[in-house]
Amino acid sequence: LPMICLSVYFLCGVCALICAMCMSTAHTGKILVVPVDGSHWINIKILMMELIQQGHELTVLAPSNTIYIDQTSEDFHVEIIQMAEANVLTKEQFEEYILNWLFSNAFPKDPSIFSMAWYFINIVESATTTSTAVLSALFENKELMESLRKSSFDVVLADPYNVGGVLLSNYLKLPLVFFGRWMPSEDIHFAIAPSPLSYVPVINSRLTDKMTFPERMSNVLLYIMYLAATRLYVYSIYDEFSKRYLDTDVSVFEMYQRADIYLMKVDYVFEFPRPTVPNAVYIGGFQCRTSKPLPQELQEFMDNSKEGVVVFSLGTIVKTLPLHLAREIAAGLAQLPERVIWRYTGEMPNTLGNNTKTMSWLPQNDLLGHPNTKAFLSHGGENGVYEAIYNAVPIVGIPLFGDQYENILRLKTKGAAVLLDNLMDVTSRDIVQAVRLVIDDPSYRKSMKHLSELHRDSLVSPRDAAVFWTEFVMRHGGAGHLRVTGNDLPWYQYYLLDVISTLVLSILFCLYVSWRALRAVVRTCCPTKKMKKKPE
């Protein structure tokens, strides 16, 4: 009898194991990934590795002039878009080009929001030229396109900043999952969800969700400026491209509106609340995790920093500065009683203090998670901001370009950051005063700790949500039932202009008829007596 029981238990265990294996592979599929280089790649790769662990087969589409995207991998397949040799740069050449552009152009002398907006439009227009060169190389490569068509992918996972994702999903007739919030020219919320300009600020407006009348006026004018310029200089180019290679009159902007799921790297703990749609899934802080032990030398440096540590990084690319600026910043850092870890590889300034350790690369999240970290000097990039929130470290923000100013501004309004406007004008005194403020005033750490508690208190982790909804689209061949009909309506129907005009005309007609009727009644009941003209 015991042997029979053991046999039954063994068979049940084998059956359970087989069932578990079948369930784990039942919905595995093939995913085409269309990423964006730089820090965007770092984030989407995290989701990719999660999907690979679930048994999915991933193919990444990357141009041959990519800098950070892996061109070979043991975990996923990479399809290379061959670019002209003239467009191929080494990593060092690319970073030098970006830095030269940044310090020459990213800080215009005219600080008005409209000048900043026009400058931003010019950047977007320039990026469009680069993007269409890659897209042309892709769609002109008949062999590669045929290979993609025959690969029988289940879904396209794309960064919305890369127009290639939306074009390929339409060309291959596949469901589309976006990972990110930025289209080539704007926050994707403005394309898919109601965005009342009375309290939803547009990019580079430098406004909050509480606006005065002049601020609301500026916000509306900026929106009109962006709308007109991007339709004229950006989407019109992509529409022509779409007609040529996809043979469709559907605009690229409409294609963006028809995506199945939008995995938004947004958390309303940080972002201003705004209207949304059912197929927008918010996964802000997706990349954050519990900090890991540091390398021994760095761990000892942190542990022995009794006064605390300030972590300083300006992002993936900006790891060097003009020497005069580096000297000014180093002089400020040298006056701090805390130790400093600075991601910097440029010429060492002679003002560098004994308290400052420079490194070519930082395990940023792990440093922010150390209990001795007191402040984070940051450019305000999305990754760093969420890692600071996750680890409850207040920020001194020195924004460079893009959405970074707005990111720091949002934390400033919540009492968790100090904002330094212009990197090129920063002095050693500014550095000392800002760092001292966020460290010595306990309200900054208290505010950031509150944000951290709210951010972590979630029913489902951002990573699990991202994986679930990607697999959801694969299981069901899309998520059309979550798309809002409003995005398919003509603009005059969306804003009810046809209804409003009909009602207004009806009211005016009724008023006119009532007036004529009343006038007729008055004339009937009170006839006007004609006076006889007296003789002269």
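Which residues form one aromatic cluster with Phe139? Select Tyr171, Phe241 and Tyr245 along with Phe139, and you have that cluster on screen.

Before zooming in, some housekeeping. This is a predicted model, so local features need pLDDT of at least 70 and side-chain atom pairs count only at pLDDT 80 or more, while totals for chains, interfaces and linings use all residues. Residues are numbered from 1 along each chain as its sequence is written, and side-chain values use heavy atoms, with hydrogens and water left out.

**Stop 1: the ring pair**

Keep Phe139 and Phe241 selected. A pair of aromatic rings is described by the distance of the centres and the angle of the planes. For Phe139 and Phe241, that gives 5.6 Å centre to centre and 80 degrees between the planes, an edge-to-face pair. (Rings of Phe, Tyr and Trp, the last by its six-membered ring, pair if their centres lie within 6.5 Å; planes under 30 degrees apart are stacked, over 60 edge-to-face, the rest tilted.) The structure holds 20 aromatic pairs.

Now colour by helix. Phe139 lies in helix 4 (residues 113–139) and Phe241 in helix 8, so the pair ties together parts 102 residues apart in sequence. (Helices, H or I with at least four residues, and strands, E with at least two, are DSSP runs numbered from the N terminus.) Phe139 counts as buried at 3% relative accessibility, and Phe241 counts as buried at 3% too. (Buried is under 20% relative accessible area, exposed over 50%, partly exposed in between, with a 1.4 Å probe and protein chains only.)

**Stop 2: helix 6 against helix 8**

Select residues 163–172 for helix 6 and 213–246 for helix 8: their axes come within 11 Å and cross at roughly 30 degrees. (Axes are lines fitted to C-alpha atoms, for helices over the stretch in contact; angles run from 0 to 180 degrees between N-to-C directions.) Helix 6 and helix 8 are therefore roughly parallel to each other; the cut-off for that word is under 35 degrees, with over 145 roughly antiparallel, 65 to 115 roughly perpendicular and the rest oblique.

The crossing is right-handed, that is, the near helix is turned clockwise from the far one by less than a right angle, with anticlockwise for left-handed. (Ala, Val, Leu, Ile, Met, Phe, Trp, Tyr, Cys and Pro are nonpolar; Asp, Glu, Lys and Arg charged; the others, Gly among them, polar.)

**Stop 3: helix 2 against helix 17**

Next, pick residues 39–53 (helix 2) and 462–476 (helix 17), which pack at about 65 degrees with their axes 10 Å apart. This crossing is right-handed. The contact is made by Ile46, Leu47, Glu50 and Leu51 of helix 2 and Arg463, Ala466, Val467, Thr470 and Glu471 of helix 17. Those residues divide into 5 nonpolar, 1 polar and 3 charged.

**Stop 4: two positive phi values**

Go to Asn204, in the loop between helix 7 (189–192) and helix 8. Its phi is near 65 degrees, positive in a residue other than glycine. Is Asn204 buried or exposed? Asn204 counts as buried, at 7% relative accessibility.

Then jump to Leu496, in the loop between helix 18 (491–494) and helix 19 (497–525). Leu496 is not a glycine, yet has a positive phi of about 60 degrees. Leu496 is partly exposed, with a relative accessible area of 46%.

**Last stop: zoom out**

Of its 536 residues, 49% count as buried.

How values were computed
Contact = heavy atoms within 4.5 Å.
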